[in-house]
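Here is a short report on a two-chain model. Please read it alongside the sequence and the coordinates.

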Amino acid sequence: MALYLPFLRRRIGFLGMMNSTLSNFKTSVLSEKNSITTLSDFCNSFSRRFYSNKADKQFDFIHNGGDSKELNFPGGIVKFTSELKFLADVPEERIHCYRVLDDSGQLISNNFVQVDKEIAVKMYKDMVMLQTMDTIFYEAQRQGRISFYLTANGEEAINIASAAALSMDDLVFPQYREAGVLLWRGFTLQEFANQCFGNKDDNGKGRQMPIHYGSNKHNYFTVASTVATQISHAVGAAYSLKMDGRDACTITYFGDGGTSTGDFHAALNFAAVMEVPVIFFCRNNGWAISTPVSDQFRSDGIVVRGKAYGIRSIRVDGNDALAVFSAVCMARTIAIRESKPVLIEALAYRAGHHSTSDDSSKYRPIEEIEWWREAQNPVTRFREWLRGEGLWTTQAETELRDSARKEVLHAIQVAEKVEKPTVKEIFTDVYDVLPSNLRDQEKSLRETIERHSQDYPIDVPL
Amino acid sequence: MLIKILRQYQVHVVAGGGGAPTSFLYKTFRNSSSSSSSVKKMTVREALNSALDEEMSADRRVLLMGEEVGEYQGAYKVSKGLLQKHGPERVVDTPITEAGFTGIGIGAAYYGLRPVVEFMTFNFAMQAMDHIINSAAKTNYMSAANISVPIVFRGPNGAAAGVGAQHSQCYAAWYGSVPGLKVLAPYSSEDARGLLKAAIRDPGPVVFLENELLYGEAFPVSDEVVDSSFCIPIGKAKIEKQGKHVTITSFSKMVGFSLKAAEILAEDGIDAEVINLRSIRPLDRSTINGSVRKTNRLVTVEEGFPQHGVGAEICASIVEDSFDYLDAPVERIGGADVPMPYAANLERMALPQVEDIVRAAKRLI
């Protein structure tokens, strides 16, 4: 086994680290004894385990004379070998990718978590709404009506299916390409539009660039522009959940590029050591702006790194909504029941440009983009499955697309007309209470405006 | 002065190991108070330890995290006894990377906890700068108060003794320039107790700059200071010594140097007013300006680099608000504009000394 890592087994069962090699990786999350490994385990396991997670600090000093076959080292027993052999750098075979639906939306196995009919239909509707919102907001940016936008093209299943598998009590620490999670949770089109237009009804008071959404009500932590800092935050918040003994976990999303940061490493390592309920969801979409994964790392993607940190991990087909849904459902159960982190790597091509500041046709072939858009479209694939289940019709499709477009256009038209934030919002929220220097500055600003009202911009309400 | 302090410090490090953890506060407190028959004394270390202990007892959401804070009791024994008293869930030994545990502390603060993050020294917090600035300082504003960040970043700042450039820098000016942060720098045990309690109770991020050489120094404390309700308001400077001829502003260890300089100046009939800033941000401009309007002369003292330093900010404040009151140019004393050299003789020359303050004050009279 090329990527075999000699993991150290601790003495106590449930604390024991995973002992499986990557060849054990079949349908689900890499696992160990006494923990969830299969779907039937998953279905029978909803009582939360909350042991003291303090790792063993002591180890036995048992010596076997002069011919010991193993070394009792801090962290656990290591077996000796006479083979002079390095661990391989490149695997003989890449880690397999879990999927439920084939390219045309047909079930290839029954090894997945069942989705209620209503949920399945809502998932599809939200995927279409996300697509529609992305298309129209993107056009609005091109027309100069908003300054910036970023779509989730190609990652609709990742967005919606992962959101559908979570509970509203779970805390979301997004990167920036997960607006669909917020959409699923009930953030309205008007709220999205208000944020992008930075008007006075924006939940963020116009303080951030478009797409930096955030909502306490939806347990969705405000998007930060800094890449990957949210991964550490999710671990800290998971620690808070653990201390309170809550039946909830955190989930944090990040891209393949984000896994090169120190935050990614620190967060995974800390989460494993602190044993907190967090799901690390990597959207491996092949590209970090113009940097392909081949220039980003030489490991077999992201999934293999979880094992190195002592974290159960799975690779899923990000274009398969049922696979994503099943993986997140199971990961959530593991995270909460065992109070442990889980890593999911979802493979789904970034079918759009990185953002409106990017033209990806400059650095990747149009044919490649088109192939992914057509042959691996996650929305189409899920629709075909729904159709096969008798849950969707051509007429429903037409009606949905039509109404979605109208709703999004309406939201934009309303947001555009709403006044911008008032001048006082420059000063509030730096601290909980306005400090004296800002009070003075606001007073001085208002006096200046009064003296020179003819020069005052009309788009900043007093 | 420096050598004397160093000696005290070494004694305390030696005395720091072992002992019954939960009774540490009372035991050491009794020891230090028994050394003086009438006035109670407490070291800065004890002040910080007791403040942490009391705030952790008062609020279950408060936790301490960092490298070596638990089993080892803190690199400088500031967290002595806290692991045994409050348990490993709330006194968290972390893996080594400031960027990691700072980010994780901030995430915990985003959702209900009130972490105190200890840096072994603020020099190492440079690794965590992204989180302190981008994730802590700006988040309440950027999230439109959806996310508040009640967190304290604390640890020794500035020069210790003989530890070279990467352990000896003062970061007061760095943090002091960032909106969203509050930046505190205690000098005495009273400051340490009152300001740390205020920092922990504050709803936003606070950078708390301690000084390694002061940990072992004992200061007299009143009954009020040792009371568990004691707290010092953030943003108010303290006039340590009244005077009428020249104002000396300083913070942290330099307050002690300034008070010493004032004693020497008094021998020559110069009555200096010494201001302990306590708070770098917000800066108590009114106390500073009020003093300068009275004395008409100003010396600023800090260990940090002079360019864009705390002294520079104070100068600007005086130029803006009290320029007409100045009878002499402001004298600004800072560390030498070089990375800290290791050799003791050079290190001494790179740091402000009492005699530098005396000379500067005399030049103004």
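## Basis and domains

Helices (H or I, at least four residues) and strands (E, at least two) are DSSP runs, numbered from the N terminus. This is a predicted model: local features need pLDDT of at least 70, side-chain atom pairs count only at pLDDT 80 or more, and totals for chains, interfaces and linings use all residues. Residues are numbered from 1 along each chain as its sequence is written, while chains are lettered from A and ligands numbered from 1 in written order.

UniProt, in an unreviewed entry, lists "domain: Dehydrogenase E1 component" for residues 125-423 of chain A. That stretch of chain A is 48% helix and 11% strand, with its end C-alpha atoms 39 Å apart. For chain B, an unreviewed UniProt entry lists "domain: Transketolase-like pyrimidine-binding" at residues 42-217. Residues 42-217 of chain B are 36% helix and 16% strand, and the end C-alpha atoms lie 8 Å apart. UniProt positions follow the numbering used here, feature names are shortened, and annotations may be inferred rather than shown by experiment.

## The sheet of chain A

Five strands of chain A form an open sheet in the order β3-β4-β5-β9-β8, with parallel pairing. Two strands pair if DSSP finds at least two bridges between them. The edges are β3 (171-173) and β8 (312-317) of chain A, each pairing on one side only. Neighbouring strands are turned by 20° against each other on average, direction ignored.

β5 (residues 278-284) and β9 (residues 342-347) of chain A pair in the parallel sense over six bridges. F280(A) has L343(A) in β9(A) as its bridge partner. α6(A) packs on the sheet and touches β3, β4 (250-255) and β5 of chain A. The direction of α6(A) makes about 170° with that of β4(A). Axes are lines fitted to C-alpha atoms, for helices over the stretch in contact; angles run from 0 to 180 degrees between N-to-C directions.

## Contact between the chains

35 residues of chain A are in contact with 34 residues of chain B. Contact requires C-beta atoms, placed from the backbone, within 7 Å. On the chain A side, α6 (229-244) and α7 (262-274) are the elements that give two or more residues. α6(A) gives the most, with ten residues. This side of chain A divides into 15 nonpolar, 14 polar and six charged residues. Ala, Val, Leu, Ile, Met, Phe, Trp, Tyr, Cys and Pro count as nonpolar, Asp, Glu, Lys and Arg as charged, and the others, Gly among them, as polar.

Terms used
Contact = placed C-beta atoms within 7 Å.
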